[in-house]
Amino acid sequence: MTRASKRLAGLTLLLLLTLPAAGSGETAPAAGGHRLLEGAAAAPLTVVGLIEDPSQIDTYGWRARLRVERVLDGEANPGDLLVIAWEEFIPKRPPRFPAGKRSVLALEPLPSGSLWRQRFPARKALAVAVRGEAYLSNPGTATLDALEQYLRLASEDRRARSGIAALSALAALAEPRVAAAAIDALEHIPGLETRLDEESTSHLEALLQDTSRPVDLRGRLITLAGERPLPSLESALSSLATSPSPVQGPAVASLARLREGLSVEQTAVLLGSDDSLVRAAAARWGGAGIAETRLKQLVAKDPAGEVRAAALVVLFERNGMAALELALPAFADTDARVRGAAIEGVAKLGDPVVPILRELVWNPDADPASLTTPLMTLALTGPEGVAELHRIASEHPTKKLRKLARFVLGKDPGHD
């Protein structure tokens, strides 16, 4: 992700955080799984067991007994009765460890804070790792077997070929939330593309081809294969890229990155697809196979925002300032992805676009509601754009725009 993309993502998140919450409370139990691998990799003990006698200690603190059934890593034995502790910060949500629930948990010593010393003066309890998030309820055998194989490795081996093979098995076989964490762990291994052996590749190919696995999980691996890149998965990606499916679009994009673009013939076929993700991948990676006029048509007329955004990115890469004539109307596009592509493309042009954005913002006939995107773009163009934002924040005749400019600058916009 480029620096401008990261800043844009930050500004977008800042705007989203100002929206009212969609509900007044959560009532579903915490799901678990997402942080289990992270916690288990660092915690001294990971076990499977049955929850007994959960009870609330204070406003947020909880305790329960855990009867150990299986030890995946660390010093304990089946049949041991452990005391575990965690916190629940959402009062209306049922506790994550009800009586009788079978769970796998990564456990560590209690935190050293005074509150925890008050809760357990004798310190005879273990905390659920990662602030209570390192667990999975009702784990399946395949998940436990693959997780144990990984945890039994020495820490120095977890980034070696044996560790990569174990993570690949987790990705292919484990419960989806744990599998997603395994793919994230693979992403952070330096030199991954040179360490995938036959066993690891086989596991990852199995995940790519397994239509019973969640689409977003397979898509996560597909994206990783294109971004790293992972040439050993090219054959599997090629198969996915040639047949309609929910993952065809991402497969086309990653295959194109592996091969440094699509052929003219491939691009022509893929642009005619009914799948908007496939068309977007073709627009983004078609290279010389897409004429300028075709790209402009896609920006102006394609019904899918992801396609319009992809075509706009390519036009900026090809034409720079000359793409402004298309980017300015895209500021008002109904799809946030298109507006985001316009913001990033214009912002990369730097100081030369500041006068154009200034003219938009200071136009007395402009609808203030349409100027959020130009203001965000000014923040990304560089020092001159930021200076202009400060001037808008203090001098613009429209109060709403002054407030919005302060907000984009990270200042308190004030309240009406």
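Trainee: How many salt bridges does this structure contain, and what is the rule for counting them?

Mentor: A salt bridge is counted where a side-chain nitrogen of Lys or Arg lies within 4 Å of a carboxyl oxygen of Asp or Glu. In this predicted model, that rule gives 26 salt bridges.

Trainee: Which parts of the chain does the salt bridge of arginine 70 and aspartate 145 tie together?

Mentor: The side chains of these two residues, arginine 70 and aspartate 145, meet at 2.8 Å, N to O. Arginine 70 belongs to strand S2 (residues 61-73) and aspartate 145 to helix H5 (residues 141-151), so the bridge joins parts that are 75 residues apart in sequence.

Trainee: Are glutamate 88 and arginine 96 buried or exposed?

Mentor: Both glutamate 88 and arginine 96 are buried. Their side chains form a salt bridge with an N to O distance of 3.0 Å.

Trainee: Which residue forms a salt bridge with glutamate 175?

Mentor: The partner of glutamate 175 is arginine 177, at 2.9 Å, N to O. Arginine 177 is partly exposed, its relative accessible area being 24%.

Trainee: Which residues are linked in a network of salt bridges?

Mentor: One such network links Glu52, Asp53, Arg65 and Arg67.

Definitions and conventions. Residues are numbered from 1 along each chain as its sequence is written. This is a predicted model: local features need pLDDT of at least 70, side-chain atom pairs count only at pLDDT 80 or more; totals for chains, interfaces and linings use all residues. Side-chain values use heavy atoms; hydrogens and water are left out. Helices (H or I, at least four residues) and strands (E, at least two) are DSSP runs, numbered from the N terminus. Buried means under 20% relative accessible area, exposed over 50%, partly exposed in between (1.4 Å probe, protein chains only).
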